[in-house]
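Let's take a look at salt bridges and helix packing in this protein. Have the sequence and the 3D view ready.

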Amino acid sequence: MAEKREEHSTSSLGELKQRDLDERLQLVLWKKPLRTLRYFLLETLLTLKEWMSRVWLQRGPAFAFLLMLVSCSVIYSIEGAHQKYVVYLEKKLLWCAYWVGLGVLSSVGLGTGLHTFLLYLGPHIASVTLAAYECGSVDFPEPPYPDQITCSPTEPAGDRAISLWSIISKVRLEACMWGAGTAIGELPPYFMARAARLSGAGPDDEDYQEFEEMLEQGDNAQDFATRAKLAVQKMVRRVGFFGILACASIPNPLFDLAGITCGHFLVPFWTFFGATLIGKAVIKMHIQKLFVIITFSRHIVEQMVALIGALPLLGASLQKPFREYLEAQRAKLHHRAEDGTPNQFCEVCVCVCVCVCVCVCEKGPVYGCGGC
């Protein structure tokens with residue numbers, strides 16, 4: 001009798017959850033606009049009330065933060081000798097925010113983000129690498145760097161060898177900020193799974209539902225993708241901080257699963273975010289930087305041009321435009337302010353396959369070889 005009651009209560013609970021899920025799926029703006037807006041406003045008010053309660057409990061630090069903002073605003077507005085430092089700090093903060101934003105765009109959205117490394121950071125590192133080997137230095141005049149790369153007039157171009165470490169140091173800030181942005185972009189899966197576990201109700205998200213189905217399958221999974229996901233989940237769950245660090249330190253398309261796993265098993269926030277930040281902003285970024293810098297170093301580029309010339313039939317005809325393009329880029333790096341208007345074409349073109357390329361220009365990336 002007790003077993004029948006337990007089965008009946010379990011089935012009733014499952015039916016209730018399914019009915020609630022169906023109701024939530026129907027609650028969209030184009031089907032029930034008034035009810036959707038009503039619930040949205042109520043949820044917004046409740047969230048604001050909760051935030052105000054937390055701020056009131058932490059009113060000391062909140063008041064100190066507000067006082068610091070007012071002081072910074074006053075310092076920013078008053079004219080004086082300190083303005084040159086204010087302008088320098090503002091430029092650096094905006095530069096860092098730009099790369100952090102691109103990093104967030106790259107990793108947010110459970111794998112559907114924009115590939116900003118290929119579109120922005122990779123070409124930027126490549127342009128700095130080519131310029132460093134041509135100028136024999138990374139002391140590009142500032143300004144116009146980073147908006148435009150030109151050789152320093154005091155440095156004899158190409159007269160001394162450039163070290164790999166100096167190029168890494170030159171682009172370290174941009175790369176680390178981009179990596180920090182990718183770590184921030186991994187937080188939504190963590191918070192989503194954590195909130196679902198604490199509330200006891202699964203969110204209406206396909207990735208989380210797939211994760212729960214995968215946990216139910218256990219070791220009975222047959223396909224390679226599911227077994228790989230299970231391996232990541234077991235590593236993160238058993239090893240903890242160092243497992244998360246290992247997953248974040250290598251290019252890993254399954255890292256979203258690590259965030260969902262950490263949230264589902266209530267891994268502390270700083271354990272998850274600390275390991276993710278170190279792995280993505282420090283370890284992984286240095287691996288990616290080294291790959292791009294070595295790929296675009298002078299001897300590698302010259303070998304690529306020589307290999308193009310060795311192709312049968314079309315080699316000589318293809319090699320000539322590549323050589324002319326490299327010479328044009330080198331001449332552009334020696335542009336002086338008194339020479340007239342800067343060239344508005346690309347600083348560097350990262351070519352993929354034969355003619356698909358991304359160009360880093362003053363106004364953003366240009367796609368296709370026609371823009372180069």
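## Two helices side by side

Axes here are lines fitted to C-alpha atoms, for helices over the stretch in contact, and angles run from 0 to 180 degrees between N-to-C directions. Helices (H or I, at least four residues) are DSSP runs, numbered from the N terminus. This is a predicted model: local features need pLDDT of at least 70, side-chain atom pairs count only at pLDDT 80 or more, and totals for chains, interfaces and linings use all residues. Residues are numbered from 1 along each chain as its sequence is written, and side-chain values use heavy atoms, leaving out hydrogens and water.

So how do α7 and α8 pack? Their axes are 5 Å apart, at an angle of about 20 degrees. That makes α7 and α8 roughly parallel (angles under 35 degrees). A183, I184 and G185 of α7 make the contact (heavy atoms within 4.5 Å) with L187, P188 and P189 of α8.

## A salt bridge across the sequence

A salt bridge is a side-chain nitrogen of Lys or Arg within 4 Å of a carboxyl oxygen of Asp or Glu. That rule gives a count of 2 salt bridges.

One of them joins E186 and K280, with the closest N and O atoms 3.8 Å apart. E186 sits in the loop between α7 and α8, and K280 in helix α13, so the pair ties together parts 94 residues apart in sequence.

R54 reaches 52%, so R54 counts as exposed (over 50%).

Note on methods:
Buried means under 20% relative accessible area, exposed over 50%, partly exposed in between (1.4 Å probe, protein chains only). Helices (H or I, at least four residues) and strands (E, at least two) are DSSP runs, numbered from the N terminus. Angles under 35 degrees count as roughly parallel, over 145 as roughly antiparallel, 65 to 115 as roughly perpendicular and the rest as oblique.
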